[in-house]
Amino acid sequence: MHTATAQRTATPPSALRATLECRPEAASHARHLTGTFLESLDPAPDQGAAEAVVLVVSELVTNAVRHSGGRFCSLRLSAQPDAIAIAVGDASRVPPQRRTPDVRGEGGGFGWAMICDMATATAVNEEPGGKTVNAIVARRGRARGHAAAPTPS
């Protein structure tokens with residue numbers, strides 16, 4: 001009797017879903033999950049885009065931990081041909097707002113403006129029991145008005 005063996009090819013995940021407990025270490029865990037997800041993509045986003053995705057995730061999860069009042073938040077990432085979609089859900093219905101940054105370093109106010117600057121699009125969806133904040137980051141180059149770094153000749 002002859003047994004044929006099918007060749008298996010591992011395909012990287014094109015999406016990630018995680019539920020995080022709203023604790024201070026949630027942002028660190030989200031950054032790790034995001035970095036692992038981005039490294040698995042083929043083609044991988046360029047370095048500037050990957051750094052932007054990690055920073056946007058970190059800011060959104062930090063905001064969920066600090067401001068939502070909930071016990072858990074969710075993180076969803078999905079790879080699209082030209083972008084990475086980020087969604088962070090939490091228990092608050094209050095949307096993020098631009099604030100005057102506290103330059104003394106005590107009150108924040110930098111995150112939402114930074115997210116809006118790095119993302120090609122943002123949206124906030126109110127849902128039963130909270131909201132989801134969505135951001136799209138381009139896989140190549142810098143988002144919104146930021147020139148890509150020149151390549152050496």
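Visitor: In which strand is Leu75 placed?

Guide: Leu75 lies in strand S2, residues 72-79; a strand is a DSSP run of E of at least two residues, a helix one of H or I of at least four, and both are numbered from the N terminus. The model is predicted, so local features need pLDDT of at least 70 and side-chain atom pairs count only at pLDDT 80 or more, while totals for chains, interfaces and linings use all residues. Residues are numbered from 1 along each chain as its sequence is written, and side-chain values use heavy atoms, without hydrogens and water.

Visitor: Why does Leu75 count as buried?

Guide: Buried means under 20% relative accessible area, exposed over 50% and partly exposed in between, with a 1.4 Å probe and protein chains only. Leu75 has 0% relative accessibility and therefore counts as buried.

Visitor: How do you know that Cys22 is in no disulfide?

Guide: A disulfide is a pair of cysteine sulfur atoms within 2.5 Å. The count by this rule is zero. For Cys22, the nearest cysteine sulfur belongs to Cys73 and is 4.1 Å away, so Cys22 is in no disulfide.

Visitor: What makes a set of residues a nonpolar core?

Guide: Such a core consists of buried Ala, Val, Leu, Ile, Met, Phe, Trp, Tyr and Cys residues joined through side-chain atoms within 4.5 Å. The largest one here has 33 residues, and those with the most contacts inside it include Leu75 and Leu60. Helix H2 gives the largest share, eight residues.
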